Amino acid sequence: MTQKPNPLSSIKVNSPIPAHLARSVIEETLRAAILDGRIPCGAALRQQDLADLFGVSRMPVREALRQLEAQELLNVIAHKGAVVAPLVQGDAAETYALRILLEAEALRLSIPLLTADDFEQAARYIDELEIEHDYTEIGRLNRLFHMALYHRAPNRRLLKLIEEGLNEEERFLRFNLEAMGLGKLSQDDHRALLRAAEDRDIDLSVKLLEQHLNRGVEVITRYLDSAESKSRKTPK
Ligand code: NI
């Protein structure tokens, strides 16, 4: 393996951190650095390094790592410790199959409760997506667009699960969107979906959402397959 720069060197800490905030400061700081790629997939995070960096004991570090593991941003691996998780956990097709179930249900519950403001907001996200070229922003706007249509669903736990799935996708898109070339296609999907929701046509909306997410899984699966066959030839 080649010598990589220390991923923690990108992290700025405003110390001292009050003890009662230590866990949440560490958690937020590491989450941001993982999500924006400063700490790359596969990087191992050592508890003692983090404790030194943040100027705290190992206890809040351990708790923060546990939180990030629960959010699937880290995997704890024997002898290696906490390792930044791959961009898609497990099987992309299974992940999307589950997302389709959850998001279709949220959309169904949310549509009757959506307001004119909600539709306007969703339309604004589409407009912003149309002119955005930064892949980090595209991932974020895509998540916000989808949540704008789901967020009136009264089931908070359902929305939380959905947001986790969208966060995972956002992180994946940030690093892979350029190579996949998904952009314009999903814009047409988004517009059609918004129109059907505005018409309060639940069945059509759900059908369009399913198509949209299925298209996503096809592109991602194809992309991952080709990336995998490439990496077998040229190991990094
Ligand atoms: Ni989308």
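Analyst: Helices (H or I, at least four residues) and strands (E, at least two) are DSSP runs, numbered from the N terminus. The model is predicted, with local features needing pLDDT of at least 70 and side-chain atom pairs pLDDT 80 or more, while totals for chains, interfaces and linings use all residues. Residues are numbered from 1 along each chain as its sequence is written, and side-chain values use heavy atoms, without hydrogens and water.

The protein chain contains 9 helices and 3 strands, in the order α-β-α-α-β-β-α-α-α-α-α-α.

The second largest pocket has a volume of about 670 Å³. A pocket here is an open set of points on a 1 Å grid over the protein atoms alone, where a 1.4 Å probe fits, with protein on both sides within 12 Å along at least five of seven lines; lining residues have an atom within 4 Å of a point. Its volume is the space filled by probe spheres set on points joined across faces, edges and corners.

In this second largest pocket, 21 residues form the lining, and those closest to the centre are Gln-71, Leu-161, Glu-164, Gly-165 and Glu-168. Helix α7 (156–180) gives at least two lining residues, as do α1 (22–35) and α4 (92–110). The largest share belongs to α7, with 9 residues.

By class, the lining of the second largest pocket divides into 9 charged, 7 nonpolar and 5 polar residues. Charged means Asp, Glu, Lys and Arg; nonpolar means Ala, Val, Leu, Ile, Met, Phe, Trp, Tyr, Cys and Pro; the others, Gly among them, are polar.
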